[in-house]
Amino acid sequence: MLTAILIGFMGAGKTTVGQALAETLDIPFYDTDVLIQQQTQQTPGAIFAQAGEMAFRLQEHAVLEQALAEPQGILATGGGIVEQPENLKLLKATQVPVIYLDAHFGTVAERLMGDVTRPILAEKSFRDVVELYQARLAKYQEVASLVQPVDNRTPKAIVTAIQQEL
Ligand code: S3P
């Protein structure tokens with residue numbers, strides 16, 4: 001079984017914290033975006049641009065199911081993992097702790113400013129991103145079994161806090 005699944009908005013630090021946690025525990029690290037890229041040979045950006053968001057979401061659901069079947073590891077998810085009701089069901093049903101990396105909007109906004117690699121940002125105005133953040137907040141909270149505040153904390157401090165909770 002996986003040791004933990006990290007969820008949260010873009011820029012919350014899921015990949016950074018997940019990698020550090022996996023390294024500390026000496027177990028594999030998985031990232032839904034990377035799994036999608038490995039399986040499709042396309043970046044999330046290319047999939048969004050060529051096939052659309054729904055095609056990406058279907059891939060994301062498939063890799064979430066696959067990752068949940070892994071015998072061990074830490075899984076970092078894309079910020080939009082909570083967009084699909086099927087994923088909410090999987091995240092609620094799993095025995096694996098689902099950790100919400102809870103970042104204030106200001107924290108993620110600062111980190112995402114000028115980001116050209118995330119397709120979801122390319123299509124949206126600042127106002128849209130605020131709305132997306134607000135709409136997703138409730139979903140992250142709904143499926144999380146643990147909440148970890150990340151504002152003004154180093155990845156190392158967050159990893160230590162998570163280890164204490166696991
Ligand atoms: C997305 C977040 C991205 C990636 C894709 C869509 C989103 O992952 O899955 O660009 O809808 O929030 P990160 O949260 O790792 O940036």
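**Reading a predicted protein–ligand model**

Me: Which helices each supply at least two residues of the shell around the ligand?
Reply: In this predicted model, the residues around the ligand include K14 and T15 as well as P119 and I120. Those helices that each give the shell at least two residues are α1 (14–25) and α7 (119–122).

Me: Is L112 buried, partly exposed or exposed?
Reply: L112 belongs to helix α6, which covers residues 105–112, and, leaving aside neighbours within four places in sequence, its contacts are M10, G11 and L121. A residue needs 20 or more other C-beta atoms within 10 Å to be buried and 12 or fewer to be exposed. Because L112 has 15 such atoms within 10 Å, it is partly exposed.

Me: How many residues does the largest nonpolar core have?
Reply: The elements that each supply at least two residues of this core include the strands β1 (4–7), β3 (74–76) and β4 (98–102). Among the residues with the most contacts inside the core is I7, which touches, not counting residues up to four places away in sequence, T77, I81, V82, V98, Y100, Y140, V143 and A144. The size of this largest nonpolar core is 37 residues.

Definitions and conventions
Residues numbered from 1 in each chain as written. Predicted model: local features only at pLDDT ≥ 70, side-chain atom pairs only at ≥ 80, totals over all residues. Near = placed C-beta within 6 Å. Helix = DSSP H or I, 4+ residues; strand = E, 2+ residues; numbered from the N terminus. Core = buried A, V, L, I, M, F, W, Y, C linked by C-beta atoms within 7 Å. Contact = placed C-beta atoms within 7 Å.
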